[in-house]
Amino acid sequence: MKRLVSALLFLLLVVVAVWWARDWLLAYGARGLAHLGFTLMRWLPPMLLGSMLGYGLGWAMRRWGGLEAWLTPWLLSLLALPWLLIIPAVNIIPYLGLDERVLFILVSLVQGVFLASALGRHKLPEATRAAQVRRGFRLGLLVVLVGELFSRKTGLGAEFRFYTLYFSPENLLFFVTLTLFTWGLQELLARLFVRVALGPRPRPASG
């Protein structure tokens with residue numbers, strides 16, 4: 001009964017807040033959704049590509065023990081990289097910059113490395129596998145948001161930078177809400193991937 005009352009009160013507060021902010025949402029909602037679309041288009045395609053590559057590489061490592069032994073040190077080295085610090089470093093390199101292609105490659109690489117490591121290494125505990133998959137999804141999205149924050153003119157990260165510099169609390173709150181929505185979508189996809197991919201694994205083949 002208490003949970004039902006709490007849920008109804010929360011729903012009432014949401015309805016009141018939306019009604020109170022309806023004019024503001026009509027004025028700025030379309031712009032916010034457009035920037036949400038930019039962020040999703042920067043994240044979803046490389047995330048899907050990195051997931052397929054990571055899954056395929058992880059499957060190959062489980063199938064051939066020699067490949068796992070050869071790739072594991074490389075994967076561990078890549079896992080240790082400070083990926084988010086690479087973003088501003090790449091952005092200030094002359095004649096390179098953090099353009100769309102570089103951002104795409106970074107997200108795909110992060111996703112592929114974390115998923116291949118989680119799925120392909122036989123000695124990892126199951127809880128560690130799931131945590132590593134979720135970390136790969138989270139870090140891939142963070143690469144996009146930080147990249148937008150530093151170098152893009154569109155996307156949730158870029159708008160967060162803009163409304164922080166030209167302080168606007170209501171717009172900041174709006175884009176934080178959209179970012180939390182994107183984060184929730186990422187968490188949902190990560191949990192779905194864990195459920196589908198982390199099934200029974202065959203024993204490594206000899207050789």
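Tyrosine 163 and phenylalanine 175 are both buried, where buried denotes under 20% relative accessible area, exposed over 50%, and partly exposed the range in between (1.4 Å probe, protein chains only). This is a predicted model, in which local features need pLDDT of at least 70, side-chain atom pairs count only at pLDDT 80 or more, and totals for chains, interfaces and linings use all residues. Residues are numbered from 1 along each chain as its sequence is written, and side-chain values use heavy atoms, with hydrogens and water left out.

A search of the whole structure finds seven aromatic pairs. Rings of Phe, Tyr and Trp (its six-membered ring) pair if their centres lie within 6.5 Å; planes under 30 degrees apart count as stacked, over 60 as edge-to-face and the rest as tilted. One of these pairs joins phenylalanine 137 to phenylalanine 193, a tilted arrangement with 5.8 Å between centres and 55 degrees between the planes. Phenylalanine 137 belongs to helix H6 and phenylalanine 193 to helix H8, 56 residues apart; helices here are DSSP runs (H or I, at least four residues), numbered from the N terminus. Phenylalanine 137 is buried at a relative accessible area of 1%, and phenylalanine 193 is likewise buried at 15%.

The rings of tyrosine 163 and phenylalanine 175 are stacked, because their centres are 5.8 Å apart and their planes lie at 20 degrees. Since tyrosine 163 is in helix H7 and phenylalanine 175 in helix H8, the pair ties together parts 12 residues apart in sequence. Phe162, Tyr163, Tyr166, Phe174 and Phe175 form one aromatic cluster.

The structure holds five salt bridges, each defined as a side-chain nitrogen of Lys or Arg within 4 Å of a carboxyl oxygen of Asp or Glu. In one of them, the closest N and O atoms of glutamate 148 and arginine 42 are 2.8 Å apart. Glutamate 148 lies in helix H6 (residues 126-151) and arginine 42 in helix H2 (residues 22-63), so this pair ties together parts that are 106 residues apart in sequence. Both glutamate 148 and arginine 42 are buried.

A further salt bridge brings together glutamate 100 and arginine 152 (3.1 Å, N to O). Glutamate 100 is in helix H5 (residues 100-120), whereas arginine 152 is in the loop between H6 and helix H7 (156-165). Glutamate 100 is partly exposed at 37% relative accessibility, while arginine 152 is buried at 16%.

Glutamate 187 and arginine 138 form another salt bridge, with closest N and O atoms 2.6 Å apart. This pair links helix H8 (residues 169-197), which holds glutamate 187, to helix H6, which holds arginine 138. Glutamate 187 is buried at 13% relative accessibility, whereas arginine 138 is partly exposed at 30%. Salt bridges with shared partners join Arg42, Glu100, Glu148 and Arg152 into one network.

Methods:
Helix = DSSP H or I, 4+ residues; strand = E, 2+ residues; numbered from the N terminus.
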